[in-house]
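This report walks through one structure. Please look at the sequence and the 3D view below, then read on.

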Amino acid sequence: MFPFNEVMDFKIEMTDEHELFRKSIREFAESKVRPYVQKVEETNEIPQSIIDGARELGLYGVGVPEKYGGQGGDMRTLAILTEELSRVLPSLGTMVTVNHLFLIPLMIFGTEEQKLKYIPPVAKGEKFAAHANTEPGAGSDVAGIQTRAEKNNNGYIINGRKIFITNSERAQYFILSARTSSPEQGKRWKGITTFIAEKGMPGLEIGQKFKVIGLRGEQPNEVIFNNLYVPDENIVGKVGEGFKVIVTTYDYSRIIIAAQALGIAQGVFELAFNYSIERKAFEKPIIGFEGVAFRISDMLIKLETARLLVYWAAYLADMQKPLFLMASSMAKTYATEVAEELSDMAIKIHGGAGVDSATGVERYLRDSVITTIYEGTNDIQKLTIAKTLLKLASRSVDIG
Amino acid sequence: MQYNTVVLIKAIYEDVKVDPKTLEPSTAGVKFKMEDISRNAVEEAVRIKEKHGGKALGLMFGNEQQSLIMREALAMGLDEGIIIKGYSFNDPVYTSQVLYEKLKGLQWDLVIMGYSSADSYTAQLAPRLSSMLNVPLIGNAVKLEFNEKKVVATKSLDEYMIKVESDLPAVVSVAQEINTPRIPPLLQIMAASKKPLKLEEAPPAKGTYYKVIEHKAYVSSRKKIIFEDVNKGVEEIYKVLKSS
Ligand SMILES: Cc1cc2nc3c(=O)[nH]c(=O)nc-3n(C[C@H](O)[C@H](O)[C@H](O)COP(=O)(O)OP(=O)(O)OC[C@H]3O[C@@H](n4cnc5c(N)ncnc54)[C@H](O)[C@@H]3O)c2cc1C
């Protein structure tokens, strides 16, 4: 059974609360979001009514302990939230959950003062947060960042430029990565530090908006640090060990992206199946042709395999099993690839209607592509999987 | 002044499919959901509780498998729930007997329920219960207000609204227009799992009062006749109508 230990490793458990929560989100998404989907596509903006509705329903606090103003809930709950929102509007899945790229590092590495100060406003939906790591010269290669933080009295002066930063227009709080010392020989990851910055601090500027092909309504921006001064108390984790803060964040957050992809896959599967029974050609519903029927069956097989992986990874994370690290990379890779593939298949089943934006199918394909890239491209996930395998086999081979 | 309420909640099939051959409804594998107007009744009881205080209890004649529906009502804000097990099919006489037996032993100012249920529309439960419990009945309310020991209800009739006032305790049935039920947030869902939910046995039925003779989907079969000659139109249509 290598690399697993026992059959219990394959267990996924869901509770009544998970089901009731799923129903709540389904109802919210169908009644408060679905009617505006086309408008979001056209205006590239998520309406305020949806942002407020999500707040009223406590969605920004899902996965955050009550002690910090959250709604409670575990990784599976967060996955359900993301899946159900993304089934209807993937960019809303991003908007509601991207805060976790700020909350996760604070929960794991933050001081109690930082947690009490920064988590409750975000969990209550009063403030938004962003995560600024990627740079023009470094994405996958987190250790390659160029942003510099120089010691200055009781703080640091930060200079640099981040790109593709989601939510940065809305965000009040940022977690950012910067080099506080040069990389060590053979240990490039050393010398990076993570800081909290607030909008309004002199030297924190929001730059151009990127026009990415999907996730309309939630396009990322450039964030510029121009002699930004940040006090010592805003350091998250230890000085020089920010690399760990960043990659640990993605260990968890990629389950959210996997769930987003699952929502996309579910959304396009339903569209494709419904169309295949409604649309007639040659005097019968097109599902009556084997070519279409097999396509639908393949879609379902892949969809449900992805679902098992996503909730399995989330369950392992909830049970704090170390295996979750690998499981979350598997789930992220598979679910995002399935989302892309199923979106494409759904378009083909719709024929010409599939490429007409008014039908609402093609947007899922544009969104799904992004899920294969952000929070660790699928290539990077595969590296993680292979590295973990080697570790489990007690072998040392240099990969990546 | 506080008001204690008991809300009657029915569980119905979520999405009944019609068998295209027999035209009978097929419920195999179909999930249950909270009946639509029961949901409005739950919402109203929660609003009364939030505004005036008092306890709100959910009561269902149903089955254990429907506990999740009661949990949902608890997540919407009810304080506790009781499911009386043993519901097998729609029989308003037996259902009202079961609920009456339970209600007469409980403390309440108001029994709230949907005026009718979205699966059978017999609309019998409210009048039956009010007569068995010997308390006033207000049917089809679209607004409820309180005036000390009285409830003031607005009822909607097709052309106009009427306002009626009744002493408490009373039985009130509500219409769907009365409110928009809330969506329960995660925090309330988690809290609901800690609220009391009791399962009890129903007293045996004294007989069967309600027999379903046939249960079939409505079909409109079109004759698909096309009259092509406009000049002969009326005459031809008349002939066909006469002979059918
Ligand atoms: C819509 C959107 C929103 C985003 N939001 C944020 C955000 O909020 N915050 C943030 O910090 N970043 C964000 N990003 C950035 C995102 O995380 C990066 O784009 C991603 O990590 C990839 O980095 P890169 O673009 O620099 O690609 P690169 O790292 O340059 O990769 C280019 C290609 O090389 C491959 N590659 C690189 N290294 C290896 C290797 N070792 N082995 C095999 N293949 C490799 C990659 O898989 C990829 O195919 C966002 C991106 C998008 C598109």
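## Backbone details

E375(A) is found in the loop between α12 (362-373) and α13 (378-392) of chain A. Here helices (H or I, at least four residues) and strands (E, at least two) are DSSP runs, numbered from the N terminus. Phi of E375(A) is near 55°, a positive value in a residue other than glycine. N44(A) also has a positive phi without being glycine, near 60°. N44(A) sits in the loop that links α2 (37-43) and α3 (48-56) of chain A.

Two cis peptide bonds can be located as well. One runs from F2(A) to P3(A), with omega near 10°. P3(A) belongs to the segment before α1 of chain A. Another joins L168(B) and P169(B), with omega about 0°. P169(B) lies in the loop between β11 (161-167) and β12 (170-174) of chain B.

## Basis of the values

This is a predicted model: local features need pLDDT of at least 70, side-chain atom pairs count only at pLDDT 80 or more, and totals for chains, interfaces and linings use all residues. Residues are numbered from 1 along each chain as its sequence is written, chains are lettered from A and ligands numbered from 1 in the order in which they are written, and side-chain values use heavy atoms, with hydrogens and water left out.

## Where the chains meet

The contact (heavy atoms within 4.5 Å) takes 19 residues from chain A and 13 residues from chain B. The two chains bury about 1,500 Å² between them, 66% of it on carbon and sulfur atoms. E17(A), L20(A) and Q71(A) supply 37% of the area that chain A buries against chain B, more than any other three residues. Buried area is the accessible area (1.4 Å probe) that two parts lose on being put together, summed over both.

Chain A and chain B share 2 salt bridges. A salt bridge is a side-chain nitrogen of Lys or Arg within 4 Å of a carboxyl oxygen of Asp or Glu. E19(A) forms one with K31(B), with the closest N and O atoms 3.3 Å apart. Helix α1 (residues 16-33) of chain A gives the most to the side of chain A that touches chain B, with 11 residues. By class, that side has 5 nonpolar, 6 polar and 8 charged residues. Ala, Val, Leu, Ile, Met, Phe, Trp, Tyr, Cys and Pro count as nonpolar, Asp, Glu, Lys and Arg as charged, and the others, Gly among them, as polar.

The whole structure holds 1 cavity of 30 Å³ or more. On a 1 Å grid over the protein atoms alone, a cavity is a set of points where a 1.4 Å probe fits but cannot get out, and a pocket is an open set with protein on both sides within 12 Å along at least five of seven lines; lining residues have an atom within 4 Å of a point. Grid points are joined across faces, edges and corners, and a volume is the space filled by probe spheres set on the points.

The largest cavity has a volume of about 360 Å³. Of its 27 lining residues, the closest to the centre are K10(B), T95(B), L99(B), S117(B) and L125(B). The largest share of the lining, 4 residues, comes from β6(B).
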